[in-house]
Each structure stands twice: as C-alpha cells, then as structure tokens.
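These notebook entries record what I looked up in one structure. I began with single residues and then turned to the sheets.

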Amino acid sequence: MILGFKPQFPELILKGTKIHTIREDPHNRWKEGNKIHFATGVRTKNYNQFGEGICTGTQKIVIKYRKTMDLPDIYIDGMDVWETGITTLARNDGFENFMDFIKWFNKDFEGKIIHWTDLKY
C-alpha cells in the first residue's frame, strides 16, 4: 500500500529519524504485515517511490484540544502521551519539536500511528 509524504519527510525516513506516521484510517486499511511503498507526489506526474517497508503494527491516536487550552491532550491506545513523552512522539514522527508537531496537528484528530519499526508506545 502507498503512503504518501510531503517533501520534507523522505530524507528523515531514509535516515531512520522518522520511524512512523500518523494518519486517518476510516476504513481500517492499515494492519500489521501490510507492505508499505513510501512515496512523494502521489496521484501526480511527480510520483516518486523512495522506499519500501512493512507495517509492524498500528496504534490508535487521539488528539483533543480543550477550549480553554492551546495545547492538546494526546492519547495513544487510551493512554495519556504526556506520561510516555510527547517530545519523543513528535521527533519519531519527523518533527523537530512538540510545537512543530502541534502546528501540523492543529485541530482535533483521531487516527492511527502506522509503524514500520519495532517501537510501540
């Protein structure tokens, strides 16, 4: 299955810095064992597959903003991420820091962390 990425992420994936991705998955397509085709320019003439991998598992992620706070509550498989390290989650997803992460995920979100390494939270 194809996983499309913005241009800033392929180098981080190839270097092993970005070790998972966070995506909506309303049809529950992503499962352990799925082959991953890492690509940019999906559905364009600039399509470029830059790597392959295997989905080693998924985890449910919920990002919820409260009306009274600028920072979200983040849960992975129902557990509060603040306990496991929000900075680690942000860096493992290819962001330099937590503030960059919440600029990208700037509204309520529910989806999956798609893993291609053995790391799980």
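Entry on Arg43. I located Arg43 in the loop between β3 and β4; strands here are DSSP runs of E with at least two residues, helices are runs of H or I with at least four residues, and both are numbered from the N terminus. The model I consulted is predicted, so local features need a pLDDT of at least 70 and side-chain atom pairs count only at pLDDT 80 or more, while totals for chains, interfaces and linings use all residues. Residues are numbered from 1 along each chain as its sequence is written, and side-chain values use heavy atoms, with hydrogens and water left out. I noted that Arg43 has a positive phi of about 65° although it is not a glycine. Is Arg43 buried or exposed? Arg43 counts as exposed because its relative accessibility is 82% (buried means under 20% relative accessible area, exposed over 50%, and partly exposed in between, with a 1.4 Å probe and protein chains only).

Entry on Asp77. I looked for another residue of this kind and found Asp77, with a positive phi of about 50° although it is not a glycine. Asp77 sits in the loop between β6 and β7. Its relative accessible area is 45%, so Asp77 is partly exposed.

Entry on the sheet with β3. I traced an open sheet of three strands in the order β1-β3-β4, with mixed pairing; two strands pair if DSSP finds at least two bridges between them. Its edge strands are β1 (2–4) and β4 (48–54), each of which pairs on one side only. From one strand to the next, the twist averages 30° (axes are lines fitted to C-alpha atoms, for helices over the stretch in contact, and angles run from 0 to 180 degrees between N-to-C directions).

I then examined the pairings one at a time. Three bridges link β1 and strand β3 (residues 35–40) in the parallel sense, and Leu3 has Phe38 of β3 as its bridge partner. Six bridges link β3 and β4 in the antiparallel sense, with Lys35 opposite Ile54 in β4. I also checked how covered β3 is: five of its six residues are buried, and the strand is mostly covered.

Entry on Gly53. Gly53 belongs to strand β4. I recorded it as buried because its relative accessibility is 17%. Which residues does Gly53 touch, not counting residues up to four places away in sequence? The contacts of Gly53 are Asn34, Lys35, Ile36 and Phe38, where contact means heavy atoms within 4.5 Å. I also looked up Arg23, which is 30 residues from Gly53 along the chain; their C-alpha atoms are separated by 17 Å.

Entry on Cys55. I found Cys55 in the loop between β4 and β5 (57–65). Cys55 is buried because its relative accessible area is 1%. Leaving out residues up to four places away in sequence, Cys55 touches Trp30, Lys31, Glu32, Gly33, Asn34, Ile36, Ile114 and His115. Cys55 and Met69 are 14 residues apart along the chain, and their C-alpha atoms are separated by 34 Å.

Entry on the sheet with β5. I traced a second open sheet, in which five strands follow the order β2-β8-β5-β6-β7 with antiparallel pairing. Its edge strands are β2 (20–23) and β7, each pairing on one side only.

How many bridges join β5 to strand β8 (residues 109–115)? I counted seven bridges between these antiparallel strands, and Gly111 in β8 is the bridge partner of Ile61. Five bridges join β5 to strand β6 (residues 72–76), again antiparallel; there, Val62 has Tyr75 as its bridge partner. I noted that β5 and β6 form a hairpin, with six residues between them. The antiparallel pairing of β6 and β7 rests on two bridges, and Tyr75 has Asp80 of β7 as its bridge partner.

Entry on the surface. I found a nonpolar surface patch formed by Met69, Leu71, Trp82 and Met99, with about 360 Å² of accessible area together. Patches are made of residues with over 30% relative accessible area and no salt bridge, with like charges joined within 9 Å and nonpolar side chains (Val, Leu, Ile, Met, Phe, Trp, Tyr) within 5 Å. A salt bridge is a side-chain nitrogen of Lys or Arg within 4 Å of a carboxyl oxygen of Asp or Glu. Areas come from the Shrake-Rupley method with a 1.4 Å probe; for residues, only the protein chains shown count as cover. Trp82 counts as partly exposed because its relative accessibility is 39%.
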